[in-house]
Amino acid sequence: MKKWICLLSFLLFFPTATVAVEDDIEISGLVIDRTLTRFGKDFGFYYSGYWRDLTFTQGFNVTLYETVFPQAGTQLTLEVNGKAIYITHFGRRANPIKERAEQAILLTIDYIAQIKANAATSEFTRADDGY
């Protein structure tokens, strides 16, 4: 009797498990801040403010990484979908953080535009035409 109850409950709950796997939700358009210092946090603040103003960020995630060098400052790396596109260095003294965030967002816009242009042009080309 226990076997039948277990089998029946397995068959009743099995179809719902497969439906849940097929309906995955993807979250994109995020800025993930993994910075450690005040310079990195300020850079992330300015950069994410610019990122929010962009309308075409769906499908792209940005991650900010920071490596601290004790006597030399920090190195900040910006990645878009896992590919590093911008690396900068902040010394131990005050640096123009807002200008570097503006420079980084311009490079990000250029990178995203290149990806979208490559995707659009690859739709029109065929594999057998040689281009």
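**View 1. Phe 39 and Phe 90, a buried aromatic pair.** Phe 39 is buried, and Phe 90 is buried too. This is a predicted model, so read every distance here as a property of the prediction. A search through the whole structure turns up 6 aromatic pairs. In this one, the ring centres sit 5.9 Å apart with the planes at 20°, so the pair counts as stacked. The two partners come from distant parts of the chain: Phe 39 belongs to helix α2 and Phe 90 to strand β4, 51 residues apart.

View 2. How buried is Phe 39, as a relative accessible area? The value is 9%, which puts Phe 39 under the 20% cut-off for buried. Skipping neighbours within four places in sequence, Phe 39 is in contact with Phe 90, Gly 91, Arg 92, Arg 93, Ala 94, Asn 95 and Ile 97. Pro 96 is 57 residues away from Phe 39 in sequence, with 9.7 Å between the C-alpha atoms.

**View 3. Asn 95, in the loop between β4 and α3.** One of the contacts of Phe 39 gets its own close-up: Asn 95, which lies in the loop between β4 and α3. Is Asn 95 buried or partly exposed? Its relative accessibility is 23%, so Asn 95 counts as partly exposed. With neighbours within four places in sequence left out, the contacts of Asn 95 are Phe 39, Phe 90 and Arg 100. From Asn 95 to Phe 39 the C-alpha distance is 8.2 Å, for a sequence separation of 56 residues.

**View 4. The aromatic cluster.** Phe 39, Phe 43, Tyr 47, Trp 51, Tyr 86 and Phe 90 make up one aromatic cluster. Apart from neighbours within four places in sequence, Tyr 47 is in contact with Val 31, Val 62, Leu 78, Ala 101, Ala 104, Ile 105 and Thr 108.

**View 5. The largest nonpolar core.** Some of those names come back here. The largest nonpolar core has 19 residues, and Phe 43, Tyr 47, Trp 51 and Leu 78 touch the most other members. Which elements each supply at least two residues of this core? They are α2 (38–53), β2 (62–69), β3 (73–80), β4 (83–90) and α3 (97–124). The top contributor is α3, with 6 residues.

**View 6. Ser 48 on helix α2.** Ser 48 lies in helix α2. Its relative accessible area is 17%, so Ser 48 is buried.

**View 7. Leu 106 on helix α3.** Leu 106 sits in helix α3. Is this leucine buried or exposed? With a relative accessible area of 57%, Leu 106 is exposed. Tyr 50 lies 56 residues from Leu 106 along the chain, and their C-alpha atoms are separated by 9.6 Å.

**View 8. Asn 81 between β3 and β4.** Asn 81 is found in the loop between β3 and β4. Most residues other than glycine have a negative phi. Asn 81 has a positive phi of about 50° although it is not a glycine. Asn 81 is partly exposed, with a relative accessible area of 44%.

**View 9. The whole chain, for orientation.** The chain has 3 helices and 4 strands, following the pattern α-β-α-β-β-β-α along the sequence. Of its 131 residues, 27% are buried. Among contacts with a separation of 6 or more, 50% join residues 24 or more positions apart. The accessible surface is about 9600 Å², and carbon and sulfur atoms account for 60% of that.

**View 10. Residues 16–20, a stretch to treat with care.** Mean pLDDT for the chain is 80, with 76% of the residues at 70 or more. Over residues 16–20, though, pLDDT stays under 50, and the model has 0 contacts beyond four places in sequence for them. Where pLDDT is low, the predicted coordinates should not be read in detail.

Key. Residues are numbered from 1 along each chain as its sequence is written. This is a predicted model: local features need pLDDT of at least 70, side-chain atom pairs count only at pLDDT 80 or more; totals for chains, interfaces and linings use all residues. Side-chain values use heavy atoms; hydrogens and water are left out. pLDDT is the predictor's confidence in each residue, from 0 to 100. Contact means heavy atoms within 4.5 Å. Buried means under 20% relative accessible area, exposed over 50%, partly exposed in between (1.4 Å probe, protein chains only). Accessible areas come from the Shrake-Rupley method with a 1.4 Å probe; for residues, only the protein chains shown count as cover. A nonpolar core is a set of buried Ala, Val, Leu, Ile, Met, Phe, Trp, Tyr and Cys residues joined through side-chain atoms within 4.5 Å. Rings of Phe, Tyr and Trp (its six-membered ring) pair if their centres lie within 6.5 Å; planes under 30 degrees apart count as stacked, over 60 as edge-to-face and the rest as tilted.
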